[in-house]
Amino acid sequence: MAIQRTFSIIKPDATKKNLIGKIIAHFEAEGIRICAMKKIHMTRGQAEGFYAVHSERPFFGELCDFMSSGPCVVMVLEGENVILRNREIMGATNPADAAEGTLRKLYADSIGNNAVHGSDAPETAAVEINYFFNAFELH
Ligand code: ADP
Ligand code: MG
């Protein structure tokens with residue numbers, strides 16, 4: 001398996017709870033490198049654009065309100081098989097279903113306010129990285 005890059009967000013619930021360092025420590029402990037990172041506060045429109053794939057879902061409005069409610073940390077993670085490994089580190093979307101030790105089990109409040117985002121496939125990772133970062137910001 002080759003070295004991959006994936007896109008990660010520390011969501012507004014987690015930045016509000018001062019969990020940025022704790023969450024990044026999980027990635028670094030797994031040998032995953034942070035190859036880009038910045039703290040942003042998305043507009044409603046930027047959140048709608050990022051989650052456009054979910055625009056028909058009943059929770060879309062709530063999701064965009066939440067993602068633009070406070071600052072996020074957006075990151076590009078790099079490592080062996082990192083797209084799948086990040087999803088495993090994150091745990092299930094609903095923290096009630098997330099495995100012990102996963103970020104969502106440890107830090108999420110609810111299925112909506114669930115601490116972290118991670119790309120689900122190479123195609124979405126590429127689109128999501130490009131949504132927030134340009135080539136000069138990846139190291
Ligand atoms: P994941 O983030 O695990 O890939 P999805 O792509 O299915 O999950 O959903 C995107 C985000 O939308 C979730 O992380 C969560 O914040 C929100 N979400 C998903 N399902 C629900 C729901 N039933 N109610 C409220 N928010 C939801
Ligand atoms: Mg998803």
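Leaving aside neighbours within four places in sequence, which residues is E78 in contact with? They are I3, Q4, R5, I32, R33 and C35. Contact means heavy atoms within 4.5 Å.

Ground rules, quickly. This is a predicted model, where local features need pLDDT of at least 70, side-chain atom pairs count only at pLDDT 80 or more, and totals for chains, interfaces and linings use all residues. Residues are numbered from 1 along each chain as its sequence is written, chains are lettered from A and ligands numbered from 1 in the order written, and side-chain values use heavy atoms, with hydrogens and water left out.

Back to E78. E78 sits in strand 3. Its side chain makes a polar contact of 2.8 Å with that of R5. A polar contact here is an N or O pair within 3.5 Å; within protein, one atom must be able to donate a hydrogen and the other to accept it, and residues adjacent in sequence count only if both atoms are side-chain atoms.

Strands (E, at least two residues) and helices (H or I, at least four) are DSSP runs, numbered from the N terminus. Pairing takes at least two DSSP bridges. Strand 1, residues 3–10, pairs with strand 4 over three bridges, antiparallel. There, I10 stands opposite V116 of strand 4.

Last, the largest pocket. How many residues line it? The lining has 29, with Y51, H54, F59, L63 and H117 nearest the centre. Helix 7 gives the largest share of that lining, four residues. Elements giving two or more residues include helix 3 (44–50), helix 4 (60–67) and helix 7 (122–132). A pocket is an open set of points on a 1 Å grid over the protein atoms alone, where a 1.4 Å probe fits, with protein on both sides within 12 Å along at least five of seven lines; lining residues have an atom within 4 Å of a point.
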